[in-house]
Amino acid sequence: MTDHAPSSLSSDQAGTSTTLLLDQILKKAHPLLAEAINLAAVPHSYNADLLKALRARDDGRDEKLVARLAEFSFIWPAGDSLPEDGEQREQRFTMQAAERELLQLRWVATDPEAFIAAHKRALAHYDAHPDPDPFVQDQIRLYHMLLADRKAGIEYLASSFRVYAGERRLAAADRLIDTTLEAHGYLVALKSRALPRLDDLLAYMLGRLAQLRGQWDASLPRLKTLHEKGDLSPLLKPYVTRAYGLALAKAGDYVEAIKLYESALALFRKLPG
């Protein structure tokens, strides 16, 4: 909930109040401004260049729309964009979390195709103009990719996690999970058929992270449940099988662990590429 909500309101009441306020703003706003409000909710922060890419038109109104958006109490400054090729630094803005979530859920309910298209444009923009911090760029790409192209997003999540886990960058892996969980709520609203596969991948990631932190007892039941699933993705199954074998070895069940290692090797050989 926003900092502006009265303390006497429950979170549900405050959420309803915010929804009603946003509905009134969008109803009264000029169509171009209403569109800009919805688009400003798509990225975590934006500047005039990103807003222009999201609007997908070159009418010279982006700077004015950015200035107009900044007048709303739920839009806050978010620092400056790093200049490219000697250009002047450009101020960025961010929408507060509660309003941003409500606007995106509202958009999913009213026009899911437009919502997905906006995330595709955001992804294309960041592919063309990546964040100078590779770690931040990974999070941005993952977030928009999960909503723009679920299959590609899940594959990107899996490959990024393998890199971070292999390098023991556990905080970075945690951030991958946080980013995925943020997108997850919108995927639920979109009724995405990719959710079971994504949920299985998240469960594996949590189990594997527990192992990397030495929490072997915590990883065992999670990985056991995954391993016993009959519909587990063949792309994920070798990783789950190997991790489950590691957990059993730590628990002293070496005979079963060796069987799982051998099974995992056979499964890895069947993976494409």
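Predicted model: local features only at pLDDT ≥ 70, side-chain atom pairs only at ≥ 80, totals over all residues.
**Around His144**

His144 sits in helix α7. Leaving aside residues up to four places away in sequence, His144 touches Val42, Pro43, His119, Ala122, Leu123 and Tyr126.

**Two helix pairs**

Two packed helices are described by the angle between their axes and the distance between the axes. Here are those values for two pairs in this model.

| Helix pair | Residues | Angle | Axis distance |
|---|---|---|---|
| α6 and α7 | 112–128 and 134–148 | about 150° | 8 Å |
| α8 and α10 | 150–166 and 195–212 | about 5° | 11 Å |

How do α6 and α7 run, roughly parallel or roughly antiparallel? Angles over 145 degrees count as roughly antiparallel, so α6 and α7 are roughly antiparallel to each other. The crossing of α6 past α7 is left-handed. On the α6 side, the contact is made by Phe115, Ile116, His119, Lys120, Ala122, Leu123, Tyr126 and Asp127; on the α7 side, by Gln137, Ile140, Arg141, Tyr143, His144, Met145, Leu147 and Ala148. Sorted by class, the residues of this contact are ten nonpolar, three polar and three charged. Our opening residue, His144, belongs to the α7 side of this contact.

The other pair is arranged in its own way. Angles under 35 degrees count as roughly parallel, and therefore α8 and α10 are roughly parallel to each other. From α8, the residues Lys151, Ile154, Glu155, Leu157, Ala158, Phe161 and Ala165 meet Arg197, Leu198, Leu201, Tyr204, Met205, Arg208, Leu209 and Leu212 from α10. This contact has eleven nonpolar and four charged residues, with no polar ones.

**The nonpolar core**

In soluble globular proteins, nonpolar side chains tend to be buried together. Which residues touch the most other members of the largest nonpolar core? They are Leu69 and Tyr204, in a core of 78 residues. Helix α10 supplies the largest share of this core, with nine residues. Tyr204 also takes part in the contact of α10 with α8. As for Leu69, its contacts are Leu33, Ala36, Ile37, Ala40, Tyr46, Leu51 and Ile75, again without counting residues up to four places away in sequence.

Methods
Residues numbered from 1 in each chain as written. Heavy atoms only, no water. Axes fitted to C-alpha atoms, helices over the stretch in contact; angles between N-to-C directions. Helix = DSSP H or I, 4+ residues; strand = E, 2+ residues; numbered from the N terminus. Parallel < 35°, antiparallel > 145°, perpendicular 65-115°, else oblique. Contact = heavy atoms within 4.5 Å. Nonpolar A, V, L, I, M, F, W, Y, C, P; charged D, E, K, R; others polar. Left-handed = near helix turned anticlockwise from the far one by under 90°. Core = buried A, V, L, I, M, F, W, Y, C linked by side-chain atoms within 4.5 Å. Buried < 20%, exposed > 50% of the residue type's maximum accessible area, 1.4 Å probe, protein only.
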